[in-house]
Amino acid sequence: MDLSSLLVQFVSGLSTATLLFLVASGLTLIFGVGGVFNFAHGSFYMLGAYLAYTFVATVKLNFWVAALAAALGAGILGMLAEALILRRIYGRAEEGGFQILLTYSLILIIDDLVKLTWGTEYKSLSRPPGLGGALVMGDLVLPSYNLAIIGVGLLVVVLAWLVLTRTRPGRIARATALDRETLGLLGINVPLTMTVIFGIATALGGLTGALAAPLRSVTPGAGIEVIIDALIVVVLGGMGNFWGAWLAALLLGEVNAVAVAVAPEWASLFSYLVMVVTLIFKPEGLFAPRQVRKV
Amino acid sequence: MTGADTKKEVIFWGLLAGIFGLLPVVSHNDYHLIMANHIIVWGLFAVAFNMLFGITGMLSFGQALFYGIGGYGVGLMVKYLGKAWFLPGMAAGVLAAAVLAYLLGFLIIRVSGVFFTILTLAFGQLAWQVTFRWYHVTGGDDGIQGIIPPGILGNKVFYYYVCLACVLASVWYLRSLSNSPLGLILRCVRQNPARVRFLGRHVRRNQRRVYVISSVFAALAGGLMSGVDNSVHTNMFYWTTSGEVILMSVLGGIHQFFGPFIGAALIKIIEDVVGSRTEFWPLIIGLLMMTMVLAFPRGVVGEFQMLKARWQWRALERARRG
Amino acid sequence: MSSRKAWGLLALALALVMALPLGVCAQDKVIKIGAMYPMTGRPGLYGLDSVAAAEMAVAEINAKGGVKGHKLVFINTDSQAKPDLAVQIAKRYISSENVHFIFGEVSSGAGLALTEVSSQYKKIFIGTDHASTQLTSDKLQPYYFRVSNNTFQSMAAGALYLKERQASKPWTTLAYIGPDYAYGHDQWNELKYNLDRFGVKYKVVGEYWPKLAAPDYTAFITAIMKDKPDILVGGLWGGDTVAFIKQALPYGLFQKMLYFSPDGGGNYELMSATGDELPVGLALSGRHHNNWPDTAANKKFVQDFFKKAGRYPSYAAEGAYSGIYAIAQAVEQVGNPADTEALVKAFEGMKIKLPEDPEGFTSYIDPLTHQIVQVQAIGETIANKDFPPATRMLGNWKVYKAEEIMPPVEYLKDHSSEYLKGRLPK
């Protein structure tokens, strides 16, 4: 394989990786900060895609406005789910198991509600005007919409970093991850903080769904299709580690892109292979926070 | 165990063997036989799963991996070597599951809690992907059909009794295991792993042990099921299969040994009733699961016992006052 | 929530579920058809379309007084496209509901599992939409009949199309992209078999196997662009075709090569989901087309479906519709829906006029393989706003004779079940 086609595949991998990261980011955020494993994260991704479709096709909003509105919608639904349902089991014995069951039931419920609302026909969105084409440099074709998504991905990483390290809410969020009880004693409204963090995480999921809608078909069950890949990213990156998720997504995206070109027969197994090999050597993921090994 | 408990347990075993043993005599409807067969095999799968979850506190979201291996052990042997290899296939599947669970145990029982859950899920999905895409060998998404047990086993009623005997013996074994010193240690592992270590017991070794045991019986359930459905399919490996067995256990009650068995029966019946009446069955199952987790975390059997305890207490109060 | 209150709610919920309408009341003389179609997830659309079309056919026939004094009764259960569940449902139908026919299924995996049940219980299974050739060759059993095309027929027509094209616009290289499971592999193997059979010279420059329902095709697209095939054969279906085409657009893939997808590529939901984005000039086909043949029967079928469902049908619909009519015709001939052996004779060689038959042709069921024999048309995407929301439909049709695209005897000799082996001409 020559250098120029390797470069082409590399750029392909970058765009795959960014969408992977965006789905995984919300999942890892809520796990790292809130200690909640939201199995239904993919369902919020799907809700984002459907909401964006409605805002563009029915309300006739501009695509980017619609995407933000969809993120907001998914965020609000997420906050409702947290405040009305998930909150009830915090602190229960074996909370982890019940979280998984509860969010699993959300997957089933949201899937059917989506079917009742939007039907089973495939929905799809066009790329926003002006981003339908591509930058062409010799052999290298860079679709402008994919570039825009890569940009959004970088923006999310930088923004999250700034918010988490430089602002008061960010410091509260990090403190939530460490010790909720002390935080409560300091006069912080911990339940509200948890709800907001959950909302931000699901809004990230919804935003990703909206951004991915012009590239994919929007169907019921779309949430389940993305959640497993997102999980692999989260596990590889070290659960709860935002930067880790970004690097893991890049790793998986690039491994997949190169595998498709070199060994297309086996490409679909490579992401699992990366995961297995990593876990043999580092069961807590590549970039795990330290407390994982504690029983 | 107290005398009353023993008596109750005898009654339960009697009922179990009686109801399922007499069913083919009472009803000659093929479908009832199949439903009953599904219930007992899923019941075994759920009880085996609960050895991990309810007793040891390890929520595996990947037991479908072993269930699938059990099924494909039979399926592949019958496909390539002929139907006489049905029983050896079952043995091979169970053995393969034991070996794999032993090896995987070293790999994934290094982390705990949600991390363990997600690793089991990931490995389960890996196995599903391999079966799905290794099309030349496994038949991929087409699955393997025409798995008819040889000889007298081919008779549906006879096969049902064989399943029933296997299931009863397995559940009996798991029950005695759960009452043995090992079962006690496993319960301690769930409640306070640190203290188990202070007592000089190995947490991880015992966790690996129960992981292998649970997986072996999941594989046995998969093998038995291949003869009920006469086919195996990649769905056996899919994560929703793991999800279903979790749901059964939670519905029945994870802290009651027989809870998962009851849960399996309830889920199979609900699925059948709801599924034949509405296409919105996921909504109903989802709502049911949510209600169970939020309002009845003890499960049907656990809540029932709570209710009974409360009545007895009230009766006692009344007797004291009156 | 107090525990007692919660129990009350649960009991109420259960009671409600149980009280849902209990199917159809038993009638004296009925022909009962037990269908299994997926109603959820990705194949859910095909299941819903199939059920709507089957119910339409049932209503039409019953409105005309039924068949020989029998009313048709059609029941469906969501199979979730899962073989194990489909088997369980089929056994319920046979043992508890006394159905005369089992019917349906989009997924070939479930179809293969059901044909086993059909053979064990000697109950006729009418297959629609699932396309694995195995069902009418390696796995054929006496009680199975299929009323929509299999992949072999689509691929044989595809090979003829490519052969003709070589004469007008010479091409030499092929690449393939298809989902990584049996359906994807079958299509590619059968296309190559037929190209060889028709003496077409070609060179394969790439084969790509994304997993089913893969969300992202970018890496595949750039790899295919590098291979520069003249023709890219696509084996993707449904949402996967939609995603692939949308993602390939900005790369200019469709200007560089012909995208050719003769089995599932030309389904209506692709046109309705992509709208103006769908490039013109792709060569696609499917098992039924809303705008071909241009006959009164086809127009009526499509418009009636639209009136009933509020949307135009995907190709699964016509298969289910045909299946109901085939059953009605067989019972009409035999007079008794329970006389299975006589019905099998009636299905073998049955001639039946269907919406997808062009003028001057009548579909028939091949007595040897139990496969319906039909004309296949392959079209190119062109602008056409007759079936909104689609703004592209297929046109510039190339039509292939029904007999030419059936598996030849040499093929069947290598791919036959015990039952079929006994029937093959020596």
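Axes here are lines fitted to C-alpha atoms, for helices over the stretch in contact, and angles run from 0 to 180 degrees between N-to-C directions. By that convention, helix α2 (residues 30-55) of chain B and helix α3 (residues 83-95) of chain C pack at about 150°, with axes 8 Å apart. The model is predicted: local features need pLDDT of at least 70, side-chain atom pairs count only at pLDDT 80 or more, and totals for chains, interfaces and linings use all residues. Residues are numbered from 1 along each chain as its sequence is written, while chains are lettered from A and ligands numbered from 1 in the order in which they are written. Helices (H or I, at least four residues) and strands (E, at least two) are DSSP runs, numbered from the N terminus.

**Confidence**

- pLDDT is the predictor's confidence in each residue, from 0 to 100.
- Chain A has a mean pLDDT of 86, and 97% of its residues reach 70 or more.
- Residues 291-295 of chain A fall below 50, and this stretch has seven contacts in the model beyond near neighbours in sequence.
- Where pLDDT is low, the predicted coordinates should not be read in detail.
- The average pLDDT of chain B is 89, with 98% of the residues scoring at least 70.
- Within chain B, confidence is highest in helix α3 (residues 64-81), at 96, and lowest in helix α9 (residues 193-198), at a mean of 80.

**Chain B against chain C**

- Two residues are in contact if their C-beta atoms, placed from the backbone, lie within 7 Å.
- Chain B puts 31 residues into the contact and chain C 29 residues.
- On the side of chain B that touches chain C, at least two residues come from each of α2, α5 (114-133), α12 (259-275) and α13 (281-295) of chain B.
- α13(B) gives the largest share of that side, five residues.
- That side of chain B divides into eleven nonpolar, 13 polar and seven charged residues; Ala, Val, Leu, Ile, Met, Phe, Trp, Tyr, Cys and Pro count as nonpolar, Asp, Glu, Lys and Arg as charged, and the others, Gly among them, as polar.
- The packing angle of about 150° between α2(B) and α3(C) makes the pair roughly antiparallel (under 35 degrees counts as roughly parallel, over 145 as roughly antiparallel, 65 to 115 as roughly perpendicular and the rest as oblique).
- Helix α2(B) makes this contact through B:D30, B:Y31 and B:I34, and α3(C) through C:Q88, C:K91, C:R92 and C:S95.
- By class, the contact of α2(B) with α3(C) has two nonpolar, two polar and three charged residues.

**Chain C against chain A**

- Here 35 residues of chain C are in contact with 36 residues of chain A.
- On the side of chain C that touches chain A, α2 (44-63), β7 (203-208), α7 (218-227), α8 (239-248) and α10 (268-274) of chain C each supply at least two residues.
- α7(C) gives the most to that side, with six residues.
- The classes on that side of chain C are 15 nonpolar, ten polar and ten charged residues.

**Helices and burial**

- A residue is buried if 20 or more other C-beta atoms lie within 10 Å of its own, exposed if 12 or fewer, and partly exposed in between, with C-beta atoms placed from the backbone.
- The expected span of a helix is 1.5 Å times one less than its number of residues.
- α13(B) has 15 residues, which should span 21 Å, and its end C-alpha atoms are 21 Å apart, in agreement.
- The buried residues of α13(B) are B:W281, B:P282, B:L283, B:I284, B:I285, B:G286, B:L288, B:M289, B:M292 and B:V293.
- Helix α2 (residues 41-57) of chain A has 17 residues and reaches 24 Å from first to last C-alpha, close to the expected 24 Å.
- α2(A) is mostly covered, with 15 of its 17 residues buried.
- B:Y161 lies in helix α7 (residues 156-179) of chain B and counts as partly exposed, with 13 C-beta neighbours inside 10 Å.
- B:Y161 and B:R314 are 153 residues apart in sequence and 43 Å apart in space, C-alpha to C-alpha.

**Backbone geometry in chain C**

- The peptide bond from C:W292 to C:P293 is cis, with omega near -5°, and C:P293 lies in the loop between β10 (283-284) and α11 (296-309).
- A cis peptide bond also joins C:P388 and C:P389, with omega about 5°; C:P389 lies in the loop between β14 (376-383) and β15 (392-400).
- C:N98, in the loop between α3 and β3 (101-104), has phi near 50°, a positive value in a residue other than glycine.
- C:N98 is exposed, with 12 other C-beta atoms within 10 Å.
- C:K122, in the loop between α4 (108-121) and β4 (124-127), has a positive phi near 50° and counts as partly exposed, with 13 C-beta neighbours inside 10 Å.
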